[in-house]
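Open the structure in your viewer and keep the selection tool at hand. This tour goes stop by stop.

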Amino acid sequence: MKKKLNLLFAFTLLFFGTNTFAQNPKFHIYLCLGQSNMEGYAKIEPQDTIVNKRFQVLEAVDCDNLNRKKGQWYTAVPPLSRCTTGLSPADYFGREMIANLPQDVKVGVINVAVGGCKIELFDKDNYEAYVSTAPQWLKSMVSQYDGNPYARLVEMAKIAQKDGVIKGILLHQGESNTGDTLWTKKVKVVYDNLLKDLNLKAESTPLLAGEVVHADQNGVCAGMNKIIATLPQTIPNSYVISSSGCQDGADNLHFTAEGYRVLGKRYAAKMLEIMKKNKI
């Protein structure tokens, strides 16, 4: 009898332990990762600070200057990455999404990005070797994620999954891997790890990857776009977001605020197209 009671107690714990939260299917979560163009490099302008509360950000670091705490949701007023970053594609991705979704649907983003990093930084099995040889300025940014940005992204994503449903992944990275013909395979490693670690299915988790500053803007790394264009050959459920015509800054590496607005809306347009096509 005692053995049966113990089994019943264990089953009860297991049942309630795995059902202590209820995901809201109308809270759509997107993971954002990459380097400085995903962090957000452009100066935030007054128009960018007016944000509908249906668009949320899960803070990935403690930001005293913003009165935000890691692991908590806030209205997505930029910056959406680290505490002193700028406007990013994620900003106008979220705005465009809620503008085209039913009023009872919310959109949330988690933005973990590190300026100047290679995609290797998000390879959970090999990032330590990469960081060990990185310059001090990059190590300083990585330290804000306790030395492991990938782990922080997964940690925050698991928190987000208690509230909503992860619908996709947004990537903007490649400048530091310019000319790397293995880039697509390296991205797949990161993508596959995220799927596994978050119990996501590839067919229902599209990866949207933005082009770097385009050749039509004299982009310093524009040649990388030829490699980015081949990503769908390696990851079937991936899509490339064009940066053609998106204004860039004087360094020909980063977009202007207007460039980020346009690029972010293009990410959203593609995601909305995917949702309509797949009826999700």
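This is a predicted model: local features need pLDDT of at least 70, side-chain atom pairs count only at pLDDT 80 or more; totals for chains, interfaces and linings use all residues.

**Stop 1**

The structure holds 15 salt bridges. Start with Asp104 and Lys26. Their side chains form a salt bridge, 2.4 Å from N to O. Asp104 sits in the loop between α3 (89-99) and β4 (106-113), and Lys26 in the loop between α1 (2-17) and β1 (27-34), so the bridge ties together parts 78 residues apart in sequence. Now show the surface. Asp104 is partly exposed, at 44% relative accessibility. Lys26 is partly exposed too, with a relative accessible area of 38%.

**Stop 2: a buried pair**

Select Asp48 and Arg261. Here the side chains meet in a salt bridge of 3.0 Å, N to O. The pair links distant parts of the chain, 213 residues apart: Asp48 is in the loop between α2 (36-39) and β2 (55-58), and Arg261 is in helix α10 (residues 257-278). Are these two buried or exposed? Both Asp48 and Arg261 are buried. Together with Asp48 and Arg261, they are linked in a network of salt bridges.

**Stop 3**

Move to Lys69 and Asp64. They form a salt bridge, with the closest N and O atoms 3.6 Å apart. Lys69 counts as partly exposed, at 42% relative accessibility. Asp64 counts as exposed, at 59%.

**Stop 4: one face of a helix**

Select helix α5 (residues 136-143). Color Leu138, Met141 and Val142, which are buried. Now look down the axis of α5. Its buried residues fall within an arc of 100°, so they line one face of the helix. Why does such spacing work? An α-helix has 3.6 residues a turn, so residues three or four places apart point the same way. Next, show what covers the buried residues of α5: the cover includes α2, α4 (127-132) and α6 (149-160).

**Stop 5: the cavity**

The structure holds one cavity of 30 Å³ or more. The largest cavity has about 60 Å³ of space. Which residues line the largest cavity? Select Leu33, Ile119, Ile169, Leu171, Val187, Val190, Tyr191, Leu194 and Leu207. This lining has nine nonpolar residues, no polar and no charged. Color β5 (165-172) and α7 (183-197): each supplies at least two residues of the lining. α7 gives the most, with four residues.

Note on methods. Residues are numbered from 1 along each chain as its sequence is written. Side-chain values use heavy atoms; hydrogens and water are left out. A salt bridge is a side-chain nitrogen of Lys or Arg within 4 Å of a carboxyl oxygen of Asp or Glu. Buried means under 20% relative accessible area, exposed over 50%, partly exposed in between (1.4 Å probe, protein chains only). The arc is that of the directions from the helix axis to the C-beta atoms. Contact means heavy atoms within 4.5 Å. On a 1 Å grid over the protein atoms alone, a cavity is a set of points where a 1.4 Å probe fits but cannot get out, and a pocket is an open set with protein on both sides within 12 Å along at least five of seven lines; lining residues have an atom within 4 Å of a point. Grid points are joined across faces, edges and corners, and a volume is the space filled by probe spheres set on the points. Ala, Val, Leu, Ile, Met, Phe, Trp, Tyr, Cys and Pro count as nonpolar, Asp, Glu, Lys and Arg as charged, and the others, Gly among them, as polar.
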